[in-house]
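Welcome! Here is a friendly tour of one protein model, taken a few residues at a time. Keep the picture open as you read.

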Amino acid sequence: MPLRLDIRKKLTAKSDRVKSVDIHPSEPWALTALYSGNVMIWDYETSSCVKSFELSELPVRCAKFIARKQWFIAASDDMKLRVYNYNTMEKIKEIEAHHDYVRFLEVHPSLPYVLSCSDDMTVKLWDWNHDFECTQYFEGHQHYVMQIKFNPKDSNTFASGSLDRSIKVWGLGSPVAHYTLEGHERGVNCIDYYPSGDKPYILSGADDKTIKIWDYQTKSIVHSFDGHTHNICAVLFHPKLPLIASASEDGTVRLWSSTTYRAESTLNYGMERAWSLAATKESNMLACGFDEGCVVVELGSDDPVASMDNTGKVVWAKNNEIQTANVRGLASASGDEQGLPDGERLPIIPRDLGSCELYPQMLKHNHNGRFVAVCGDGEFIIYTAQALRNKAFGQALDFVWSGTGTGDYCIRESISCIRFFKNFKESNSIRPATSSAEGLFGGHCVGVKGGDGSILFYDWDTGVFIRKIDVDAKDVYWSDAGNMVCIATNDSSYVLSYDAQATASAVAMGQTNDEVGIEGTFDLLYEISDTVTSGKWVGDCFIYLNNGGRLNYSVGGQIQTLVHFETSAAGTTKHSILGYLAKEDRVYVVDKSLNITSYSIMLSVLQYQTAVMRGDFDAANELLPTIPEKEYTTVARFLESQGFKEEALAVTTDPDHKFDLSLELGQIDVAHALLQETSEEDKETTDTMAKWKRLSDAALKESNFELCEAASVSSNDFAGLLLMYSAIGNLEGMESLAKAAEADGKTNIAFSAYFLTGNVEACANILVKTNRLPEAAFFARTYIPSRIDEIVALWKDDLSKVSESAAEALISPSIDKDSFPDFDVAVQVEAMFVAQRAASKQTGIPATDYLTAKDDLDLDLIKLVKSQTAAAPSMVNEEKVPEADIPVVEPVEDDVDMDEQAEIADDTEAKALEEARMEAAAKAERLQAEVEAEAFATAEAERLQAETEAEAAAAAELLQSNVEPEATEEVSKKGSADDFGDDW
C-alpha cells in the first residue's frame, strides 16, 4: 500500500527561472539561484523573502549553503564563483573558476572543500582554508560535466554525471576516475548517492527520460524508472524519508518509493519546467525550482516516531531502522554523583533492534510495554518490545491499543468498519454510527472520529455504543485509572470524567441505546484553553505540551507552567512528551531530532495538589511531609493560586514569596523581620529597596508611622519621608532628611526639607552647589540679603564665561545700594529672623500657636520694622524736649549676638535662655516707658515751678508797697502758700 504521506505546500515564491535550490540545515530557509543573475533566500515558514543578492548580469546556475561558515557560494555564467556571508551580506571572495559555464557546486560534508564542475569538461576542488585555492583538478569526461556528488558513506570519493552519457566515480587523492558507469542512452544531467551506508546505490537521471539506480559495487543497474515525458533535470534520495524525487522538463515532480520503487505521487504546480530539487536530513521538506519560481512542500509529519513504556524503555524509528534505549537512571542522582539538570540532553546509548518491513509512521507500546506496534503504508506489525519478533500483522488505516488488555487492540479497516481484537484474535467488528470513520483513538474506550466533527466512544468488550461527543477531536488521552479523559482539539481541550461502573451496569442490564448511548457516563470537568500537541496523565494531573512550546500541567483546571521550549520559526513546538517515570519523578521529552531530555515533576507534589483540589485537606496534610523541602515553594504557590494564602505563608521557604504573602495578609511585622534578615551584600540591591518601599506603603496604610519611617529610611524613600515628616510635624526627622537627601544627590527634596526647617543658608548653598546661581541670587535677596554680594560675585564669574557684557550688567548692594531699596532694613529683619530661629531651635513652635501664628505669614516685616523705628523719635519731638535733658537709658539688646547664642544654646539651658530673653525684652520695654514718662513729668514740673515763682514775685512786690515790713513778711509767707494751693 502507498505511504499515505500528507503533502502540504509551505512556500510558493514566484520569480524568474530557478536553476538551483538548497535548504538550510537549521533555519527554515530556501536558497534559490535565478537565471536573472540574482540569489534569494526565502523563509518557507513565513513565506517571505529574507535576503536578496544581485550577483551578476548573467544567469546564476547553482548556489549552495555553507552553513558552518554562515556563507553561501554561487556559480554564474561569467565563469566565476562568489562567496557571500548571508547574515552580513558581505562578499567574502570572488574567483575566476573555469573557462566555460559552471554547472554545479558541491560542499564537502566535513572538510573545507567545494567541488565545481563545468562545461569545460573539468572538475575542480577549492579549499576555503587556503583562500579558495584550487588544490585538485579532475579530467576525464568527453562532454559537459553537469553534476557532482560526494559519497556520504566515504566522503573521500565523489561521482560526476556528464552529457557524454557516463557516470564517473573519483577519489580526492587521484586526478583519474576510479571507474565509469554507462547505461543511459543520452546525456546524464543529475546524480545522487543513497543517504545511508547500507545500500551502495547511485541515482541518475538523463535526457533519455529515465531514472536509474546503480549498484556501484557491482557496476550494475538495480532499477530503472519510467514515467516522465521529457528530460530529467534533477533526482535525489530523500535523506529522511524512503522516497526518491525526480524533476523533469515536463513540469512535474514525481515521488517514488525507495524500497518498493513504486510511484507514490506526482506534483504539478503549473509553473512550467522543473529544474532542481533539494532536501535535508533535518526535516521532511522538499524544495523544487521551476521556470516561474520555487515551491517548498512538507512530506508528511516530521514529529518523532517514538514510544516509551512505564519502565523507561524507549523505542524509536529512523527511516526503517528500529532502535531502543533505556532512560531509567540517566537523569537521577546516584551515590555521590549529581543528577543531570533539567533540560540536559540524556546520554542515551541506542541499541539496534532491526529493520522494519514497512516505513514507520506511528510506533506505540501497549499498556504494559511488552509489545510495540508499528504502523505505516496502510499496514501494521506488532513486535515483541525486547527482540522485535513479529507477533501479528495486517492491513489497517489506523491501529490503537487497549488501555487494559495485553493483547487487545483495534483497527480501522475502512471508513465503515472497525475491528476489535482480544489477545491478538479478532473478537468483534462494528459499523460506526457515522457517515465516515476518519480516525481511531485507543485507551479505556475505543474512540472513533466521525466525519461530522464528532467522536463516538465504544466499549472494548462488547462494542456497545457508549456516547457521542460533538467535538472535532485531534487526539484522546486517558488516565491510567480510566476515570478521566482529555479530548484535544485544534483550539482547546476538554477534560471529562468517565464512569466505567455505569457503563458496565447498563451493558449488563441491557439499558443501551444505539442512537443516544448510555446516559451519565461522561461529565465535563473543565476546559483547557490551549492547543495540546502531546500529553500524559499522572494520577489526576494532566501533563501536556502546547503548540507554543510550553510544558504545562493541569490539576483541576489550574495550569502550572514548568518550562518554555525553543520553538520553530513559525512559533510552533518542536518537542513531544514521551512519558513519565514515577520512581524518578521525571517527565521525558523528545524533539524532532530524537534528542531526549527530562524535567523533574515530583509525584508527591502532584498528589498533594490533587488532594487540595478535591478539598481533602486531611490527605493533603499527610502528604506534605513526604514532599522534599525544596518543593515547598512550588506547593505554596499552588496554595496561593487556590486562595489559601495563610497556608501558603506557613509552607513556603522562599523569602521573596513569604514577603509577598505577608504583605498581602497584612502581617507587616513578619515582612519587616524578613527584610531585617537580608544579607549585607543584598541590602543595597534594587530588589531590596523595592521591598522596603512596599513595606513602607503597607505600614502607612495601618498608620504605623514608626515602621513606615524605618522602612522609608532603609529604602531611601526621600519623597515619602518628606510627605510624612511634614504631615506629622517631625522637625528632627526633617532635618536629618535634608542632610541625607543632600548627601544622596536628591537636591530638590533636600532644598524643600531645609526650607521647611528654616535653614535658608543651606538652601542657598544647594542652589550655589548645583550652579543655579540666578535662583540663588534672587533667593538671597528675599531671605538672606547679607549674602547677596557673595552670590552675585559667583554669578558674575560664571556668566562672564558666556558673556562679559551680561556679567558686567549685574550689580550688588556693595556696588549700588540705592538699587536695593530698604536693604539695611532687610539685613535687620534677617538678624531678627536668625535670632528667633536660634531661640526656638530646640523647642520649635507648638501647634497650639497656629491660630495666632498663621497671621504672621501675611506680615510685611520691612514695613513693620520701619514704622516701629519711626514711632519713638516722633513722640519725643512733639514735646520738644531737648535731647540733652532726657536721661539716657541703655536699652536691653534684643538682637543677641548670634555666635554667643550658638555657644550657650545647648539642650540643658534652652528653656532658661528663652525665659530670660522674654523677661529681658519685657523689662526693656517697661524701662523705656518709665524713662519716657519720667522725662515728660520732669519737664511739666519745671514749667509749673517757673510759673509759680513768677506769680509769687509779683505778689510780694505789691504787698511791700502797702504793708509794713514785719507784717509784710508774715503775710507774704501765708499768701504764698495759699496761692500755690489754688493754682495747683
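Phe 751 and Phe 755 both sit in helix α12 (residues 747–756), four residues apart, which is about one turn of the helix. Helices here are DSSP runs of H or I with at least four residues, strands are runs of E with at least two, and both are numbered from the N terminus. The two residues make a stacked aromatic pair, with 6.3 Å from centre to centre and 5° between the planes. Rings of Phe, Tyr and Trp (its six-membered ring) pair if their centres lie within 6.5 Å; planes under 30 degrees apart are stacked, over 60 edge-to-face, and the rest tilted.

How exposed are they? Phe 751 has a relative accessible area of 23%, so it is partly exposed. Phe 755, with 34%, is partly exposed too. Buried means under 20% relative accessible area, exposed means over 50%, and partly exposed is in between (1.4 Å probe, protein chains only).

## How to read the model

This is a predicted model, in which local features need pLDDT of at least 70 and side-chain atom pairs count only at pLDDT 80 or more, while totals for chains, interfaces and linings use all residues. Residues are numbered from 1 along each chain as its sequence is written, and side-chain values use heavy atoms, leaving out hydrogens and water.

## The whole chain

The protein chain contains 22 helices and 55 strands. It has 984 residues, and 45% of them count as buried. Take contacts (heavy atoms within 4.5 Å) between residues at least 6 apart in sequence: 44% of these join residues at least 24 apart.

Searching the whole structure turns up 44 aromatic pairs. In one of them, the ring centres of Tyr 477 and Phe 542 are 5.6 Å apart and the planes meet at 50°, so this pair is tilted. It links distant parts of the chain: Tyr 477 belongs to strand β45 (residues 475–478) and Phe 542 to strand β50 (residues 541–546), 65 residues apart. Both Tyr 477 and Phe 542 are buried.

There is also an aromatic cluster, made up of Phe 371, Phe 380, Phe 399, Trp 401, Tyr 409, Phe 421 and Phe 424.

## A buried charge

Now find Asp 309, in the loop between β29 (306–308) and β30 (313–318).

Asp 309 does have other partners. Its side chain makes a polar contact of 2.9 Å with the side chain of Thr 311, and reaches the backbone nitrogen of Gly 312 at 3.1 Å. Leaving aside residues up to four places away in sequence, Asp 309 touches His 365 and Gly 369. A polar contact is a pair of N or O atoms within 3.5 Å; within protein, one must be able to donate a hydrogen and the other to accept it, and residues adjacent in sequence count only if both atoms are side-chain atoms.

## Two positive phi angles

Most residues other than glycine have a negative phi. Glu 272, in the loop between β25 (263–267) and β26 (274–279), has a positive phi near 65°. Asp 585 is not a glycine either, yet its phi is positive, at about 55°. At 15% relative accessibility, Asp 585 counts as buried, whereas Glu 272, at 49%, is partly exposed.
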